[in-house]
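Please look over the model shown here. The briefing below it is grouped by topic.

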Amino acid sequence: MPAFPRFLLSATAPAHFPPASVPEVAFLGRSNVGKSSLLNALLGSKQAHVSSTPGRTRSINFFAVSDRVDQPPRVLFADLPGYGYAKISKSISAEWPSFIDPYLRERPTLALCLCLIDANIPPQESDAQLLAFLRDAGRRFLLVGTKADRLSGNGRVKALIALRQGFDLGTPEDEPLLLCSAKTGAGLKELWSTIFAAAAS
Ligand code: GDP
């Protein structure tokens, strides 16, 4: 999928967010889940910093994505800070910088949240908390299982079942789950389709 990304800005307060005009897709996940790698794989260029020191990015990085270089953006990508450093955390939002909560609850153009989880490990409490938060906020989300290249065919089937059960997902229409690999590109076409469908609705 050809995409022309352009880095817009890095925000650490709601006042810094870009004007709410184009539909937006948020990228969320625990630190080290493969979020930067997936963003770079989708955008076909090195946009996001692949972390050597987890937990450094504590801002929302906005990218404008166009179909062609001379066209206005079709969708904005919002790369949110990774979470899950705190071993014990009462609530996921206790660990977040203060601007994340208003972003996820109030951003009018937020069309879809991509919740990245490592498909190779069992469901994690912090991810379950994020999903509970998004359900409460009435946000549409797609669960994206990363690093699926590390699983065999049978392993992928098992992971899909374990993740759907572990996160207590609703119907595949309401709460879909997709396995992806930034390394092989598996699942990226489906991911783009979902992103554009959300941006168009
Ligand atoms: P972030 O902290 O969520 O931005 O994660 P990174 O993109 O920095 O990736 C964390 C680690 O997972 C790095 O060592 C990556 O090379 C590795 N990784 C990311 N995506 C994939 C993938 O699709 N397959 C495999 N096998 N490894 C991956």
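The model is predicted: local features need pLDDT of at least 70, side-chain atom pairs count only at pLDDT 80 or more, and totals for chains, interfaces and linings use all residues. Residues are numbered from 1 along each chain as its sequence is written, and side-chain values use heavy atoms, with hydrogens and water left out.

**Sheet**
- Seven strands form an open sheet with mixed pairing, in the order β1-β3-β4-β2-β5-β6-β7; strands are DSSP runs (E, at least two residues) numbered from the N terminus, and two strands pair if DSSP finds at least two bridges between them.
- From one strand to the next, the twist averages 25°.
- Strands β2 (residues 24-29) and β4 (residues 75-79) run parallel and are joined by four bridges; A26 has A78 of β4 as its bridge partner.

**Helix α5**
- Helix α5 (residues 153-166) lies across β5 (110-118) and β7, at about 150° to β7; contact means heavy atoms within 4.5 Å, and angles run from 0 to 180 degrees between N-to-C directions, with axes fitted to C-alpha atoms, for helices over the stretch in contact.
- Helices are DSSP runs of H or I with at least four residues.

**Helix α6**
- The 13 residues of α6 (residues 188-200) should span 18 Å at 1.5 Å a residue, and the end C-alpha atoms are 18 Å apart, which agrees; the expected span is 1.5 Å times one less than the number of residues.
- Buried residues of α6 are L188, L191, W192, I195, F196, A198 and A199; buried means under 20% relative accessible area, exposed over 50%, partly exposed in between (1.4 Å probe, protein chains only).
- Seen down the axis of α6, these buried residues fall within an arc of 160°, so they line one face of the helix; the arc is that of the directions from the helix axis to the C-beta atoms.
- Exposed K189 and A200 sit on the face of α6 turned away from its buried side.
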